Amino acid sequence: MSPLLKDFLNKRIVVVTTEGQCVCATLEGFDKSTNLLVSEVRDRVSGAHIATSYMMRGNQIVCCGLLDETDGSDTALVGPEAPTLKDTKNVVHDEHLIWQRVWASKQKAASPSLE
Amino acid sequence: MLFFSFFKTLVDQEVTVELKNDIELKGTLKSVDQFLNLKLDNISCSDETKYPHLSSVRNIFIRGSTVRYVYLNKNMVDTNLLQDAARREAMSSRK
């Protein structure tokens, strides 16, 4: 269906996920919702072996880049000091505290006589 | 399908894509599909030192759902034509 990933089949790719994880792997297969079947999965930063075979769900994929095989820069190229990638979620930290305050101020406005 | 066709007219042009994880990639648009998944060639990351993960990657597939913005040059877009096409699509879908 989506032929865009066809050129990447059986090649080393870099996959970035919505969680901010970045791995190197060999693309074995894919489908129209970008579910990926990959093998020989290694961490892009540390080069640690993660799994021999992996199925990645399409909605967790951010992008897959074709690794240049000529320069042999497969793993651990980034070095451990590399900053972690952000996720795509845009989460507000301790959001419940903000809403707690909003709720409290609303309550106060609704019944000022209680003070 | 209007923006699918629109992006097809932009093939082989230089675009900048901002992803939802704040990475900006600049490259030549090579292909696009119905989900607005993009394929860029010859990419460069705007801040390579901050995110070196894609440093040895030239050809990249981007999932359409994780794109925040696609920056285009003003002269790449014929706004009048796009407006016309949008109107026509809206008319035809109303029927």
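The paragraphs below go through these topics in order.

This is a predicted model, in which local features need pLDDT of at least 70 and side-chain atom pairs count only at pLDDT 80 or more, while totals for chains, interfaces and linings use all residues. Residues are numbered from 1 along each chain as its sequence is written, chains are lettered from A and ligands numbered from 1 in the order in which they are written, and side-chain values use heavy atoms, with hydrogens and water left out.

The predictor assigns the complex an ipTM of 0.83 and a pTM of 0.83.

Chain B has two helices and five strands, where helices (H or I, at least four residues) and strands (E, at least two) are DSSP runs numbered from the N terminus. Their order from the N terminus is α-β-β-β-β-β-α. Of the 95 residues in chain B, 41% are buried, that is, under 20% relative accessible area with a 1.4 Å probe and protein chains only (exposed is over 50%, partly exposed in between).

Helix α1 (residues 2-9) of chain B has B:L2, B:F4, B:F6 and B:F7 buried. The cover over the buried residues of α1(B) includes β2 (24-32), β5 and α2 of chain B.

The largest pocket holds about 210 Å³ of space. A pocket here is an open set of points on a 1 Å grid over the protein atoms alone, where a 1.4 Å probe fits, with protein on both sides within 12 Å along at least five of seven lines; lining residues have an atom within 4 Å of a point. Its volume is the space filled by probe spheres set on the points, which are joined across faces, edges and corners. Helices α1 and α2 of chain B each supply at least two residues of the lining; among the lining residues are B:L2, B:F6, B:L81 and B:A85.

The structure holds zero disulfides over all chains, a disulfide being a pair of cysteine sulfur atoms within 2.5 Å. For A:C22, the nearest cysteine sulfur is that of A:C24, 6.8 Å away. A:C22 counts as buried because its relative accessibility is 5%.

Note on methods. Contact = heavy atoms within 4.5 Å.
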